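Please keep the 3D view open as you read the points.

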Amino acid sequence: MLLQRLTEQAERMADLPPEFYRRRQIDWALVITPHGAAPFLSDRRPPAKSRGQAVTEPVPYVQRSGTKVPPFLLVDTAEFVLARARGTTDPDGPTEKDLVEAARRHDEYLGLLRRWAEETPGDPAAGRLIDVLTGGPGTIEIPPELDARHTVAIVMDGQWLHERAPVRELWSRIVRERKGSGGAEQGLCLVCGKPGELLSTIPEPVKKGAIPSTGGSNEAQLVSINSPAQGRGGTIKLVNTPVCDRCGSRAMATLNRLLAADGHHRSLPDGVLLWWTREPLEQPLIELIDDTNPDPAAVAHLIHTLHRNPDPTAVARVDANDFYALTLGLNNARTVVREWLDEPLDAVKANLGAWFEDHGVFDGWRGTTRYLPLWRLALAAGRHNGTQYVKGTAPQGIERELLHAALHRTPPPARLLPHLLQRIRADHHLDAPRTALLRLVLARSHDRTDRPMPRLDPDSTDPAYLCGRAFAVLEAVQEAALPDVKATIGDKFFGTAMTAPGPVLANLRRGANAHLKRLRRDRKPAYYALDARLSQAFAAFTDDPPVHLSPREQARFVIGYEQQRTADNQARAAAKAAKAAQTTGSDVAQTS
């Protein structure tokens, strides 16, 4: 199914390279001009500080390995094209072994050119190039900085030779001979369902560096069986995965194109996610989950899709467009397909709508619901050093697991909740990303009644939630009475209160009387407001506060605490705005 979808996408990609071609940086161009002018090498390498701006061209390419690697047609390293031996630019010069290998590779390169000349007798370009390359020493002046590994292409009469149609056709035949069975193996292609010449191996690998990895970054095969122990019935290569040459080349060309295209892939710490749709999609989709400030209209559209089609079965009947996503990892020279998603686009939109709805947190200062980027949520699962989150301290694989939860509307991993609660207690730090993670965990609980709102729920009677609210009010009372206190009750007792709130709240409630007494003496408006709020917080309990809380109850405690603080911030912002408006009105009245 994966190869089928990649092959189908190839039909819709106008900028796909020709068959068995890949975009590569050409370091040097061997320029051959008419009228007997001497050929010369033109340096096309970008400046050292602009390597990321290198211009790439589609050139002949196929995976090759081993000690006696064969040449590419026309575009290859200087070792093949010019017999430039490795080590030539070193102070000690090349070894005898390097010189012998460079000569061998150059001879095989010339052999491909001679085949080109024989199969296209009406085109003199091949003969002219052979004459230039075999004209003897001094025919081409080799710049001293040219390295054997530099890529060299040929320009003749102002045109790249590898762009000619006969060259493309010849290169396709050469690759089929190398990667297929020379026409001896015919069969039914598993991808297109048509009879044809089958490949023994996939010609093109995943481009080096396209899949992030903590280890090496070699080129990797998507389908590869090299050992009889790995294959069904002891078979190797593609015997159990029959793929014709056309489907094999186009599928891998599409995969590499998507991995290189902006807006179609997302790097992960241990791999990469790439996605595409059957029909072009004008609005952003996956990009929204990493946007620090996602477009409110786009998020609202996704949430609307969720509520318009709440039933996944009903969504599956909508055939407006299809969405495909592929998560890849790397294991040496093998590509690891970690996940494959093939869903109707509306189903994915509904899943992303649920993602935003389940983790959004209310911002009291701005008065809006805030949505956090996925990378920041993953970072918040790590350690906080008092200033910022420390990179590399989050649980391994958590970002990929959260991404899976977003795309499939599944619960986050079970390990997240206890780990996050432990981090909150240890770091003494709570913010919007951690609150959002707790909301996400609870919103996707098996208990359908455990669905916390994104903002303060004044009607909730959940004891754990009420304990969190009461603790936030007690902390506000202390901060109002002792604004310069160095260690608040949150610094001292929050970790204990979120696990065993009963005795902690009782002691803090008695201690708050002294703070209220001070406020009544020095700040009567604050005293009346906080005294009423504290009385309401404790009056909401129908029984004594619980002595012990389970992990999920601890999460509700933290959410209640944070939402109460957010509501207090909103009240302060509203009071500040009202006071400013009143002052402005008084100034206008006095001016009048």
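1. Let's start with Arg168, whose charged end sits over the ring of Tyr21, 6.0 Å from its centre. Likewise, Arg455 lies over the face of Phe362, at 3.9 Å from the ring centre. A charge counts as over a ring if NZ of Lys or CZ of Arg is within 6 Å of the ring centre and within 35 degrees of the ring normal.

2. A word on the background: this is a predicted model, where local features need pLDDT of at least 70 and side-chain atom pairs count only at pLDDT 80 or more, while totals for chains, interfaces and linings use all residues. Residues are numbered from 1 along each chain as its sequence is written, and side-chain values use heavy atoms, with hydrogens and water left out.

3. The whole structure holds 13 aromatic pairs (Phe, Tyr or six-membered Trp rings with centres within 6.5 Å; planes under 30 degrees apart are stacked, over 60 edge-to-face, the rest tilted). Phe356 and Tyr371 form an edge-to-face pair, because their ring centres are 5.4 Å apart and their planes stand at 85°. Ring pairs also link Phe471, Phe494, Phe557 and Tyr561 into a cluster.

4. Are Phe356 and Tyr371 buried or exposed? Phe356 is buried, with a relative accessible area of 1%, and Tyr371 is buried too, at 19%. Buried means under 20% relative accessible area, exposed over 50%, and partly exposed in between, with a 1.4 Å probe and protein chains only.
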